[in-house]
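Me: Got a new model open here and I'd like to talk it through. Can you take my questions as they come?

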Amino acid sequence: MELVMLLKQRQQFAFSYLYDNYSAALHTIILNIVSDHELASDVLQEVFVKIWKQIESYDDSKGRLFTWMLNISRNASIDMVRSKAFQNSQQNRELTESVYDSGGSTRVDTDQIGLRKIVHQLKDEYKVLIELSYFQGYTQDEISKMLGIPLGTVKTRLRSALIQLRKFVK
Amino acid sequence: MDIKAYIESGVVESYVLGLASSQEIAEMDRLRGQYPEIQQAIDSFETSLEKAAFTNTVAPSPGIKEKIMNSIKNDSSQGAAIIPMVSSPARKMGWMQYAVAASVILLVSSAGLNIYFYRQFSAANEKYVALLNDKTSLEANLNIYRTKTLDMYSSMQMMSDPSVIKVSMPGVKGMENNFATVFWDSKTKDVYLLPNKLPQAKDDQQYQLWALVDGKPVDAGMIGDCNGLCRLKNIQVAQGFAITLEKKGGGPIPHGQMYVLGKVATS
């Protein structure tokens with residue numbers, strides 16, 4: 001893939017092209033997880049800088065460039081959500097919203113965009129598993145404890161959820 | 001290996017989405033090179049995932065591209081071979097702080113969880129031990145009742161045996177309130193006593209049963225602390241039975257007060 005080759009040669013115009021074509025999709029997955037616009041912008045910047053720095057380590061025999069970037073975005077977003085800064089900003093926002101919010105928030109409904117919109121078409125027992133594992137980054141073990149269902153059930157149900165999901169993304 | 005079932009199991013999707021365990025990833029890395037069908041399934045899910053991720057998107061704010069392009073500019077001038085450093089020290093510190101803060105939060109919450117789970121565990125363990133004790137004492141009680149029931153059953157069997165003679169012994173003069181019964185097996189000559197109503201003997205005293213043989217009392221055994229029926233000494237011949245209160249251990253001839261007396265009915 002020529003784009004990857006150019007990126008590995010550190011051609012800025014290739015990176016600019018990459019941004020123009022992929023930033024909306026990556027921004028959307030970040031928003032799906034982070035939901036706060038400002039923090040999502042921070043994560044997006046971090047993700048693109050990471051892509052630029054780590055493009056050497058991308059191996060196109062292991063998968064598509066987009067899949068690689070999607071996983072970087074997802075991981076960075078989950079890291080952000082679990083950070084102290086995010087927890088603080090959530091508290092601040094709740095505070096400011098309770099003071100100033102008079103209807104009409106600028107926040108997007110993150111259930112209605114990108115992959116999460118597709119996941120929300122699944123039935124509830126599948127939706128919750130993909131929500132917790134993919135969008136919130138919990139391990140199957142943690143999910144089993146959170147929901148009080150056996151680990152084996154979590155495993156098989158998550159697999160079924162993914163099979164359903166595949167039918168929806170086709 | 002059933003490749004089709006493997007592909008259909010959802011493992012491809014969890015691999016592509018980054019949800020697979022390290023074991024599953026290692027397996028998939030091995031199998032995808034070996035089976036073109038698996039490679040094809042991965043490609044096809046990646047493609048449809050990409051297509052899906054491009055629908056209903058929200059574009060980032062316009063200023064962000066410039067910021068990103070600026071932050072990579074310094075790197076590119078250093079040439080391709082050099083692994084670029086993190087863009088600004090301030091930013092790096094920021095992430096360090098996040099990381100430290102996050103690990104502190106994790107540590108504290110994990111310690112908290114440990115305490116919580118330990119308490120839960122201790123409480124559950126205490127309850128478990130208490131239940132175990134209850135169970136043991138219930139079992140012991142059950143065994144006592146089971147033994148008593150078996151004793152009663154065998155007593156009933158014995159009493160209803162036609163060869164057993166029942167000798168009622170009412171209280172003698174002055175002891176009219178007392179009453180006891182002897183069951184005497186005419187075949188085996190076994191003697192059983194049911195102390196229906198006798199006052200509690202003092203610690204140094206004991207009731208003794210006598211068989212009356214030709215007008216003479218013959219020791220038929222001491223009445224101990226028995227449940228229900230007491231089995232006493234075998235008696236070959238007797239015309240009657242009596243009970244006296246003796247010193248503990250009794251003796252060959254009666255010394256104490258007689259309480260009850262009954263004659264064997266001659267048929």
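This is a predicted model: local features need pLDDT of at least 70, side-chain atom pairs count only at pLDDT 80 or more; totals for chains, interfaces and linings use all residues.

Me: Let's start with Lys187(B). Is Lys187(B) buried or exposed?

Reply: Lys187(B) is exposed, at a relative accessible area of 68%.

Me: OK, what about the overall spread of chain B? How many helices and strands are there in chain B?

Reply: Chain B has 6 helices and 8 strands. In sequence order the pattern is α-α-α-α-α-α-β-β-β-β-β-β-β-β. Chain B is also more spread out than a compact globule, because its radius of gyration is 47 Å, well over the 18 Å that the globule rule gives for 267 residues.

Me: What box do the C-alpha atoms of chain B fill?

Reply: Roughly 135 × 50 × 35 Å, along the principal axes.

Me: Which domains is chain B divided into?

Reply: Domain 1 covers 1-75, domain 2 covers 91-160 and domain 3 covers 164-263. Between the C-alpha centres of domain 1 and domain 2 of chain B there are 46 Å.

Me: How much of chain B counts as buried?

Reply: 32% of its 267 residues. Chain B exposes about 17,100 Å², and carbon and sulfur atoms supply 59% of that. As for contacts in chain B with a separation of 6 or more, 54% come from residues 24 or more positions apart.

Me: How about charge? How many positive and negative side chains does chain B have?

Reply: There are 26 positive and 26 negative side chains in chain B. The centres of those two sets lie 9 Å apart.

Me: Back to single residues. Where is Gly228(B) found?

Reply: Gly228(B) is in the chain B loop between strand S5 (216-223) and strand S6 (230-232). Gly228(B) is partly exposed, with a relative accessible area of 46%.

Me: What is Gly228(B) in contact with, leaving aside neighbours within four places in sequence?

Reply: Gly228(B) is in contact with Leu193(B), Leu194(B) and Pro195(B). Then there's Lys148(B), 80 residues from Gly228(B) in sequence and 8.6 Å from it in space, C-alpha to C-alpha.

Me: Switching to chain A now. What elements does chain A have?

Reply: Chain A has 9 helices and 0 strands. From the N terminus on, that reads α-α-α-α-α-α-α-α-α.

Me: And how much of chain A is buried?

Reply: Of the 170 residues of chain A, 51% count as buried. The accessible surface of chain A is about 8,100 Å², with 49% belonging to carbon and sulfur atoms. Among contacts in chain A between residues at least 6 apart in sequence, 60% join residues at least 24 apart.

Me: Which domains is chain A divided into?

Reply: Chain A is divided into domain 1 (2-86) and domain 2 (121-169). The C-alpha centres of these two chain A domains lie 25 Å apart. In the contact between them, domain 1 of chain A takes part with 7 residues and domain 2 of chain A with 6 residues.

Methods:
Residues are numbered from 1 along each chain as its sequence is written. Chains are lettered from A and ligands numbered from 1 in the order in which they are written. Side-chain values use heavy atoms; hydrogens and water are left out. Helices (H or I, at least four residues) and strands (E, at least two) are DSSP runs, numbered from the N terminus. The radius of gyration is taken over C-alpha atoms; the globule rule is 2.2 Å times the number of residues to the power 0.38. Buried means under 20% relative accessible area, exposed over 50%, partly exposed in between (1.4 Å probe, protein chains only). Contact means heavy atoms within 4.5 Å. Accessible areas come from the Shrake-Rupley method with a 1.4 Å probe; for residues, only the protein chains shown count as cover. Lys and Arg count as positive and Asp and Glu as negative; His and the chain ends are not counted. The place of a charge is taken as NZ of Lys, CZ of Arg, CG of Asp or CD of Glu. Domain bounds come from an automatic or database domain assignment.
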